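Dear colleague,

Please find the structure below, handed over for your records. My findings follow directly after it.

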Amino acid sequence: GPPPQYDFLIVGGGTSGLVVANRLSEKKDVTVAVIEAGDSVLHNVNVTTVLGYGLAFGTDIDWAYQTEDQTYADGKKQTMRAGKAIGGTSTINGMSYTRAQDVQIDAWELAGKGWNWKNLFPYYKKSEHFQIPTPEQVAAGADYYIAYHGLTGPLKVGWPYEMTNDSVLPVLDETMRQLGVPFNRDANGGEMVGLTSHPNTVDREKDIREDAARAYFWPFESRPNLKIISNTNVNKILWSNDSHSEALAVGVEVTGPNGTETILASKEVILSAGSLKSPVILELSGVGNPDILKKYDIPVKVNNTAVGENLQDQTNNGLHWEGREFFLGEATFSLMPSANQLYGDKVSDIASSINSSLADYAEAVEKFSNGAVQAANVLYMLQIQWDLIFKSQVPFAEIVFLPIARTFGTEYWPLLPFSRGSIHIKSSDPTKTPSINPNYFMFEQDFDSAVAVAQYIRKIFSTRPLSDLVGDETSPGLDLLPENASDTDWKNWVKSTYRSNYHPVGTASMLPREKGGVVNPELKVYGTQNVRVIDASVFPSQLCGHLTSTLYAVAERASDLIKNKYTAY
Ligand code: FDA
């Protein structure tokens, strides 16, 4: 028979895609299909287990994308994890729920009117079902301002009943006060700096992970106008042959259990395949840099050299100590110091040294992209980032405390690295892996930050009362990096032990087209009539929060923008 047709096709049933699918299908006479490469993970214990972070890694629900050899880190590849499941990466992630610093979202306003903290804040709340902590949970450190939270949204946010020992947070708090960093009762109102006990995406009563599918899809599965097509890969967008000044998508080509087929869209195709897939689908569909597309005989539908550029991720390392107590349950304590707090007296020297390097960084990014991006545009964005770090004093790093059994570990990442990479196809065959290059540590400054934060963590753990709660440092340990270790030794340790922080953004940025944008403020792909990208690809810059809370909010707001376009709503 003829190919199936829906009003809206959503490519990728992940964190963002399921929000959009839910909201667009609220109206009964609008048909929505979600095409997802993975399957249901509703009963997968590697997903549901609250203390099971990491269990899903390397299993068949982890894309485990491989990067190119990382030139600035001894040439080794990295694995970038991402969920392949109904629910996407929200089914395998660390469940931390932290938003962004208000001024970072305000900086998005340069992409066009409407994207600022004030407008996004109601959408964070719209998506949220905050589970108010019990008195016992408050005693163990859960804290909040109710005005920052939504109580009636789909996504369950809160603390699991199994929280860590009550003794830990007061010790961390007292230690950080010694170092001049105050406690932040609730980091989800736009001011993130300080020590905080952040909530998670967790269903407290069921004691299982909360993810995009449990929140936005499974309870709505029976809507007759909402269809999920799982175990099916989207290969490319199909275009109308008519000559339009802007390309008109008519559907997608998919490969699934029945082989390769066409599915038609009467209104829009929405890419929500994640920041390491949506730009690849654009290129396979002829939207991108002609130099790259021509290499693989892909006809150019929209010439935009920014597609796949501006890839930004963070790097993650950890330091570990022996614990002097036995620690139970889950700790969700994180510390987000500003540059002033972290660097102290040295901050103005560091700030001016970075400032004087920004033009060189921008040149290097242009060169790496073979001219696909312009140094002036990169410099503009780097300058905004510098202002956020050193003028606005947004958090400089996140340090997560991990008291587990007889150990007291940390993981940390500098929040706003300056390195920029890219992702591009290496074949016209959609089953072939693309070239993913985050360019970790492209600039010396990104090493320096990673070293500075590691040294700061040592300082924290040698400050009382925290120093009384821990024994010896087990990793890296004083044998490997003694008190007088040089910055070069530290740098080598960072380089040999780091991993991806799994927060890739920016590969189809929301920016003015002439500034390196791929989508406009309605998240519509420039040069097309009816293709949008709604996922982490569109964040033009990295955020200080973990990504999902903002992705849910962006997808909620984008859904309203779409609804406003069609009279059916
Ligand atoms: P997402 O990856 O969710 O969805 C994309 C979907 O598209 C997937 O389901 C995929 O299978 C599908 N797809 C891809 N290609 C396709 C194709 N060709 N055809 C059909 N379907 C296709 N964030 C946070 O807030 N707190 C945290 O603690 C953590 N921790 C964390 C740990 C780990 C290990 C990872 C990997 C990530 C995190 N993150 C996180 C980050 C966060 O989870 C992540 O940024 C978002 O879930 C990404 O949401 P998206 O909607 O962009 O893509």
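By class, which residues make up the lining of the second largest pocket? There are seven nonpolar, five polar and six charged residues, where Ala, Val, Leu, Ile, Met, Phe, Trp, Tyr, Cys and Pro count as nonpolar, Asp, Glu, Lys and Arg as charged, and the others, Gly among them, as polar.

This is a predicted model, in which local features need pLDDT of at least 70 and side-chain atom pairs pLDDT 80 or more, while totals for chains, interfaces and linings use all residues. Residues are numbered from 1 along each chain as its sequence is written, and side-chain values use heavy atoms, without hydrogens and water.

The second largest pocket holds about 450 Å³ of space, a volume being the space filled by probe spheres set on grid points joined across faces, edges and corners. Of its 18 lining residues, Tyr 343, Lys 346, Asp 448, Ala 452 and Gln 455 are the closest to its centre. (On a 1 Å grid over the protein atoms alone, a pocket is an open set of points where a 1.4 Å probe fits, with protein on both sides within 12 Å along at least five of seven lines; lining residues have an atom within 4 Å of a point.) Helix 14 gives the most to this lining, with nine residues; helices are DSSP runs of H or I with at least four residues, and strands are runs of E with at least two, numbered from the N terminus. Helix 10 (339–343), helix 11 (347–355), helix 14 (444–461) and helix 16 (487–497) each supply at least two lining residues.

Five strands form an open antiparallel sheet in the order 7-19-20-18-23, pairing requiring at least two DSSP bridges. Its edge strands are strand 7 (194–197) and strand 23 (470–475).

Yours sincerely
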